Amino acid sequence: MTTEAAAGSGTAEALHRETVDGLGTVHVRRLDPARDTDVVHSWVGEERARFWGMRQTSREEVREIYEHLDSLTTHHAFLVLLGDEPVMLFQTYEPKADRVSECYEVEPGDIGVHLMVGPAKGAPRPGFTAALLGVLVGHVLADGDVRRIIAEPDVRNTGAIERLRRTGFEIGPEIVLPEVDLPEVFLPEKRARLAILLREAAETPR
């Protein structure tokens, strides 16, 4: 696997790029609400994305949500692409500015993540999701100030929890994220599983 901080030809917007053996070039760029709404709306409306909590959200509502997210300094949204094909949506956030801070003790260097792999296309690709998670972790840890990556998948999403465990996350207790009801955003109460990846664990060959 080859990692580069900047992208080459055709990926000028990339913030992070890796060439993954057997898969190809994967790169990360900021999500553009104007350009990427159709892709995101098509993904979040699927049954497989039920834990994302946006299945009934209209295209315009999706765009408004990510325009709001794009206006924040504490929360950011990204697309991971394989070549030119979007394959993963993920978001980062500062835990101290998020409801998860009510459920665990935030430490300096913590960064939170939400992620959703896009629908599979073509023949199955063994190791595909694991490779994408590796790219995500590499991108987040490129910031030398990050010491821990925090995730809180829905407690019912056992597949995601197991994928995080295999990536090196320590799976912690069940937590209850409180409801958020603001003019800009509504988030229902969520029963989740806290998961934490230490930089040292991520950097240890598995």
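The largest pocket of this predicted model has a volume of about 1,600 Å³. A pocket is here an open set of points, on a 1 Å grid over the protein atoms alone, with protein on both sides within 12 Å along at least five of seven lines; grid points are joined across faces, edges and corners, and the volume is the space filled by probe spheres set on the points. Of the 50 residues lining this pocket, Trp52, Gln91, Arg99, His114 and Leu187 are the closest to its centre, where a lining residue has an atom within 4 Å of a point. By class, the lining comprises 27 nonpolar, nine polar and 14 charged residues (nonpolar: Ala, Val, Leu, Ile, Met, Phe, Trp, Tyr, Cys and Pro; charged: Asp, Glu, Lys and Arg; polar: the others, Gly among them).

Elements that each supply at least two residues of this lining include α2 (59-70), β5 (85-93), α3 (128-141) and β11 (190-198). The most is given by α2, with six residues. Helices (H or I, at least four residues) and strands (E, at least two) are DSSP runs, numbered from the N terminus.

Helix α3 is mostly covered, with ten of its 14 residues buried, that is, under 20% relative accessible area with a 1.4 Å probe and protein chains only. Among the buried residues of α3 are Phe128, Leu132, Leu136 and His139. At 1.5 Å a residue, the 14 residues of α3 should span 20 Å, which agrees with the 20 Å between its end C-alpha atoms; the expected span is 1.5 Å times one less than the number of residues.

Strand β11, a contributor to the pocket lining, is also joined to β7 (residues 148-151) by four bridges, in an antiparallel arrangement. Ala151 has Ala195 of β11 as its bridge partner. Strand β8 (residues 170-177) likewise runs antiparallel to β11, to which six bridges join it, and Val176 is partnered with Arg191 of β11. Strands pair if DSSP finds at least two bridges between them.

One aromatic pair was counted, under a rule that requires ring centres of Phe, Tyr or Trp (its six-membered ring) to lie within 6.5 Å. The rings of Phe78 and Phe90 have centres 5.0 Å apart and planes at 20 degrees, so the pair is stacked (planes under 30 degrees apart). Because Phe78 lies in strand β4 (residues 75-82) and Phe90 in strand β5, the pair ties together parts twelve residues apart in sequence. Both Phe78 and Phe90 are buried.

Residues are numbered from 1 along each chain as its sequence is written. Local features need pLDDT of at least 70 and side-chain atom pairs count only at pLDDT 80 or more, whereas totals for chains, interfaces and linings use all residues; side-chain values use heavy atoms, with hydrogens and water left out.

Definitions and conventions: 1 Å grid on protein atoms, 1.4 Å probe; cavity = no way out; pocket = protein on both sides within 12 Å on 5 of 7 lines; lining within 4 Å. Buried < 20%, exposed > 50% of the residue type's maximum accessible area, 1.4 Å probe, protein only. Phe/Tyr/Trp six-rings, centres within 6.5 Å; stacked < 30°, edge-to-face > 60°.
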